[in-house]
Amino acid sequence: MNRIQFLTSSYEALERMLRSQSAIRFRLVEDVDGADFNQAVNHFVSEVREINDDTVKTAVSMAKCLRWRRIMQPQPVASDGKSRELCEQLERQCEVARKVVANGVLLDLLLSSAQRLLDDDSTVVKELRLLDSETDGDYLLVVRDRGTAALIQSWLEDQNLQVSAAQDIRSEQHWFDFVHVLGFPRAFHPSIFSAPVGDDVDYVFPSWVPFRSLPESSLMGLVENPIVMTVHNSEISDSK
């Protein structure tokens, strides 16, 4: 596809999105363990907000990093050495933090929920492995950065699914039948939907993530009616 054809397809797809009731979708994936950990992180952050201690601050940073990876960089547990390393470091930091954190129960809940993240592949990982089985066509999975693209592609190499960083999706001027985005909309530039590279946009993320609005775009001021987003609950369920 040459540049003119690519741009024409992009403008046509955008026009369809503005008229359609289902062109921008949220594919919400049930994730009980992730939801439990998110709740534990929120309670812990609220509890220690006023504590000025480097160990506590480090523990908060590690917990948030682990939560971010659950959403934006999911990996099969067998190969997710980074999350395992974070859990081990978090455990060491929390043991030291017990000297200044009065509520030891919150620390216990934080650590136990973090460990459960490593028991089995997340439902998002399982969902990604099935994306190309829905129907024939060219599939694109958009991730936040090139490092994440390399990680995700390494365990999706057998799927009919191209994995690309958001910054690279227009470089080949290739048009896709299905475009999936790993993560919530505001983690990406609005051009994901305002300058599409496929007929629709499907954001894939855990159902416990609250951020479901589209990022601000100059496009918003040009349309008479709000852009419609539909929610699709994944059929993959968390059995826990």
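A residue is called buried when its relative accessible area is under 20%, exposed when it is over 50%, and partly exposed in between, using a 1.4 Å probe and protein chains only. By that rule, buried residues make up 48% of the 240 residues in the protein chain.

Before going on, some ground rules. This is a predicted model, where local features need pLDDT of at least 70 and side-chain atom pairs count only at pLDDT 80 or more, while totals for chains, interfaces and linings use all residues. Residues are numbered from 1 along each chain as its sequence is written, and side-chain values use heavy atoms, with hydrogens and water left out.

Now the fold. The protein chain has eight helices and six strands. Both are DSSP runs numbered from the N terminus: helices are H or I with at least four residues, strands are E with at least two. In sequence order the pattern reads α-β-α-α-α-α-α-β-α-β-β-α-β-β.

Next, contacts, meaning heavy atoms within 4.5 Å. Of the contacts in the protein chain with a separation of 6 or more, 69% are between residues 24 or more positions apart.

Met62 gives a local example. This residue sits in helix H3 and counts as buried because its relative accessibility is 14%. Leaving aside residues up to four places away in sequence, Met62 touches Leu86, Gln89, Leu90 and Gln93.

On to pockets. On a 1 Å grid over the protein atoms alone, a pocket is an open set of points with protein on both sides within 12 Å along at least five of seven lines, and lining residues have an atom within 4 Å of a point. Which helix gives the most to the lining of the largest pocket? Helix H3, residues 54-72, with four residues. The lining includes Lys64, Arg67, Trp68 and Ile71, and also Phe184 and Trp208.

Last, cysteines. A disulfide is a covalent bond between the sulfur atoms of two cysteines. Here the test is a pair of cysteine sulfur atoms within 2.5 Å, and a search of the whole structure finds zero disulfides. Is Cys87 buried or exposed? Cys87 is buried, because its relative accessibility is 2%. Cys65 is at 33%, so this residue counts as partly exposed.

Terms used: 1 Å grid on protein atoms, 1.4 Å probe; cavity = no way out; pocket = protein on both sides within 12 Å on 5 of 7 lines; lining within 4 Å.
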